[in-house]
Structures are given as structure tokens and as C-alpha cells.
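Welcome! Have a look at the sequence and the 3D view first, and then read on.

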Amino acid sequence: MKSLKKILCVLLCFLFIGSFAVPAFAADEKASNEKVISFQNPNGRVISVAKNGNVRQFPANSVEGIVNCIDLGIDIITVSVQKTKDGQFVLLSTNDLSKVCCGKEGVSVAGKASDCTLEDLQNTYFLKAGYGGSTAEPTEYKVASLLDAIAAADGKAMIMINNGWKYAEEINKLAAEKECADMLILRGAKNVDEISAFTAKYGNSACRVTASFNSDKDDGSAKTYVTD
């Protein structure tokens, strides 16, 4: 009898925990879908975009800045990536480490991200405050990888990669592996034909794409909206 009571207690505990876990998961999935739908809908709501995270409080392209934006309810966070010596993608606005990074205790550094491995960058360098530059203060925040950013966003915000189209094939493969293509936006396509070829090749597993060109039919709707 006592054994039966123990079994019933365990089952009730699982049911109790499950009643909280399922709605929480559903809520996250619903929030993610809403952001994707809003991004795709030209007649939908205004969506908020944070350039390189919250650079007023954290370095540009830092995981901490991304997480802070998510906490503030931002829909899309832009980042820039550089490719490392070992083929990884890191969040840096430039390949020139002297502009955005420093060494321990703020020591000036030189070199290129492309000449370093991901491990080298994360163990040796620290991000400069804001957007970096020669006068920017050193911080204790480390260089993040694109995978770090994807994990930090966790479906709660979309990630727009400013120079993503340059690495479209590689990033799309990574996104497919992580099952997050819906939440990644590749920026920088130059014409309609190359976008069509990309989406036709990858189908439903293609990352979102935003272009950096104006068509002849562009009516300046974004500027008109801001003016009004």
C-alpha cells in the first residue's frame, strides 16, 4: 500500500511539473513565430531593431548586449561577423582587432581576426566599449561566436547579420544544423535574382534575407512612414 502511494505521489509530481513546462514552451514558440510573421508582413506592426545590441551599456556585438536587448523586448538585433582561421564565425564589426579589441588590462593589440582561432580570440582579447575605436575604454567582455549569439537569442529575438550575405552558404548550413533558419536574417543581397536562387535552393530551410538595394518601383515608404 505504501509503495502504491509513493508511485502515485511521483506521478502527480510529474503532472504538476508538466502543467508548467508545456505552456512555457508554447509561449516561447508563439513569441518566436510572431516575430517572424511580423518581419515578413509589409503591412504588419512596426518592429524594433537594435544595431549591434545595446551599445550604450555594452560593447557592440557582445552576447551581454544581445541578452539585454531581449530583456527590453527588442524584435531584431543586428550583428556583424568575421571568419576566424579555423573557420568559425565571431561577432566583430571589423577584421582589424586594434579597433574593437584590447588585451588584458586594456593593453593595445594589433592583428586580424582571420589570423586567429576562435579559442585564441576568446582567451586573449577583450572587447572595447561601444563601437570601439582608438579612444574607447577597455571592458572585461569577451569576443562571442555566432553560435553564442544564437544560443543567447534562444528564439526570443531574430538575429540580423549585417554582412551575412557574404557568407550565405556557410551560415545557412550552420542555421539548418541548429534548426534556427527562421530566426536568422542575412543582410546584404544585391539583386532579386540571387535571392530567388538562394531561396529556391534551400526552400523552407533558408535563412531570411534582406537586401541592400532599391528597386525602380521603390516609393520610399519607410521614409514616408517616419515623416508622418
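Which residues have the most contacts inside the largest nonpolar core? They are Ile66 and Ile171, and the core they belong to has 35 residues. Please keep in mind that this is a predicted model.

**The chain as a whole**
- The chain has 228 residues, and 37% of them count as buried.
- Its secondary structure comes to eight helices and ten strands.
- Among contacts with a separation of 6 or more, 60% are between residues 24 or more positions apart.
- The accessible surface comes to about 13800 Å², and carbon and sulfur atoms account for 55% of it.

- The mean pLDDT of the chain is 85, with 79% of the residues at 70 or more.
- Residues 7–27 are a stretch to treat with care: the pLDDT there is below 50, and the stretch has one contact in the model beyond near neighbours in sequence.
- Where pLDDT is low, the predicted coordinates should not be read in detail.

- In soluble globular proteins, nonpolar side chains tend to be buried together.
- In this chain, the largest nonpolar core has 35 residues.
- Both helices and strands supply at least two residues each to this core, including helix 2 (63–71), strand 2 (76–79), helix 6 (168–178) and strand 9 (184–189).
- Helix 5 gives the most, with five residues.
- A second, separate core has twelve residues, among them Leu92, Leu97, Cys101 and Leu121.
- Beyond its neighbours within four places in sequence, Ile171 is in contact with Val81, Phe89, Leu146, Ile161, Gly164, Leu184 and Leu186.

**A buried aspartate**
- Where does Asp75 lie? You will find Asp75 in the loop between helix 2 and strand 2.
- The side chain of Asp75 makes a polar contact of 2.9 Å with the side chain of Lys35. Another polar contact of 2.9 Å joins the side chains of Asp75 and Arg45.
- Setting aside neighbours within four places in sequence, the contacts of Asp75 also include Val46, Ile47, Ser48, Ala157 and Met158.

Note on methods:
Residues are numbered from 1 along each chain as its sequence is written. This is a predicted model: local features need pLDDT of at least 70, side-chain atom pairs count only at pLDDT 80 or more; totals for chains, interfaces and linings use all residues. Side-chain values use heavy atoms; hydrogens and water are left out. A nonpolar core is a set of buried Ala, Val, Leu, Ile, Met, Phe, Trp, Tyr and Cys residues joined through side-chain atoms within 4.5 Å. Buried means under 20% relative accessible area, exposed over 50%, partly exposed in between (1.4 Å probe, protein chains only). Helices (H or I, at least four residues) and strands (E, at least two) are DSSP runs, numbered from the N terminus. Contact means heavy atoms within 4.5 Å. pLDDT is the predictor's confidence in each residue, from 0 to 100. Accessible areas come from the Shrake-Rupley method with a 1.4 Å probe; for residues, only the protein chains shown count as cover. A polar contact is a pair of N or O atoms within 3.5 Å; within protein, one must be able to donate a hydrogen and the other to accept it, and residues adjacent in sequence count only if both atoms are side-chain atoms.
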